[in-house]
Every structure is written in C-alpha cells, then in structure tokens.
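Let's take a look at how charged side chains pair up in a protein. Have the sequence and the 3D view open as you read.

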Amino acid sequence: MNASETLPQVLQRLLAAQRYAVLATESGGQPYTSLMAFAVTDDLKGLILLTERATHKYANLMANHRVAVFIDNRENVGSDTDAAVAITALGEADEVAGDECVCLRDAYLARHPYLDQFAT
C-alpha cells in the first residue's frame with residue numbers, strides 16, 4: 001500500500017489481483033479452513049464462493065452461517081512482513097438459488113472459466 005492510495009483502492013487492487021482466499025468455518029467449536037477460488041460482487045460487498053454439498057465446509061455452513069474469509073498478497077519473501085496486504089472479511093454465508101444463482105455463477109466463471117464443469 002502506498003501513501004497515495006485510499007483504502008477502497010487498496011481493497012479493489014487486492015481483490016482483483018488475488019484468485020484464492022481462505023474460508024474459515026466452524027464445526028462443534030473447532031475452526032476449519034479451506035482454500036477457495038473466489039469472485040467479488042461489483043459493489044465489493046459480497047464474495048462468491050462455490051462448493052459441493054458433500055463437503056465438510058458445506059456441512060459446517062449449513063450448521064453455522066458465520067464465516068471469516070482471509071485474502072492476502074504475500075509472496076513468501078522477507079519483505080512480506082512490511083509490504084504484504086491482508087484482509088479478513090467477517091459475515092454470514094447464504095446459499096443462493098434461481099436467477100441470483102445464475103448471475104453470481106456467471107460472475108464467478110468470468111473470473112475462473114477453468115472451473116466451468118465444477119460450477120455446473
């Protein structure tokens with residue numbers, strides 16, 4: 001982050017550059033993390049994540065909708081301690097259906113076209 005950038009600019013740059021995030025869910029009081037491909041809604045207020053229903057994270061989400069999502073730009077070099085940018089988004093996950101599902105899936109696939117078969 002340089003001194004002339006605003007927080008929204010830094011956030012927009014980070015979310016545009018990174019393709020993967022860490023999703024944290026909870027299972028019986030125990031945190032559970034998953035590496036996830038993600039996309040962002042145009043207003044930067046929502047993250048789009050896809051998972052199969054037969055996963056541990058999906059079961060966790062159905063039992064407790066509260067989540068944390070961590071996104072960073074580290075490069076695993078010493079300068080990361082000074083230069084890396086990281087964000088944690090806290091919120092609730094919702095399963096979507098119908099037209100909203102199609103719209104969000106299209107936004108996800110625009111960012112991750114190689115996941116087309118998975119997304120359908």
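**Salt bridges at a glance**

Glutamate 5 and arginine 13 pair up in a salt bridge, with their closest N and O atoms 2.8 Å apart. Keep in mind that this is a predicted model. Searching the whole structure turns up 3 salt bridges, and here's a quick tour of them.

- Is glutamate 5 buried or exposed? Glutamate 5 is buried, because its relative accessible area of 16% falls under the 20% cut-off.

**Arginine 53 and glutamate 95**

- Arginine 53 meets glutamate 95 through their side chains, and this salt bridge spans 2.6 Å from N to O.
- This pair ties together distant parts of the chain, 42 residues apart.
- Arginine 53 sits in the loop between strand 4 (47-48) and helix 2 (56-63), while glutamate 95 sits in the loop between strand 6 (86-92) and helix 4 (98-111).
- Arginine 53 counts as exposed because its relative accessible area is 61%, and the cut-off for that is over 50%.
- Glutamate 95 is partly exposed, at 42% relative accessibility.

**Aspartate 72 and arginine 74**

- What distance separates the closest N and O atoms of arginine 74 and aspartate 72? They are 2.3 Å apart, and the two residues form a salt bridge.
- Aspartate 72 is buried, with a relative accessible area of 14%.
- Arginine 74 is partly exposed, at 47% relative accessibility.

Notes
Residues numbered from 1 in each chain as written. Predicted model: local features only at pLDDT ≥ 70, side-chain atom pairs only at ≥ 80, totals over all residues. Heavy atoms only, no water. Salt bridge = Lys/Arg side-chain N within 4 Å of Asp/Glu carboxyl O. Buried < 20%, exposed > 50% of the residue type's maximum accessible area, 1.4 Å probe, protein only. Helix = DSSP H or I, 4+ residues; strand = E, 2+ residues; numbered from the N terminus.
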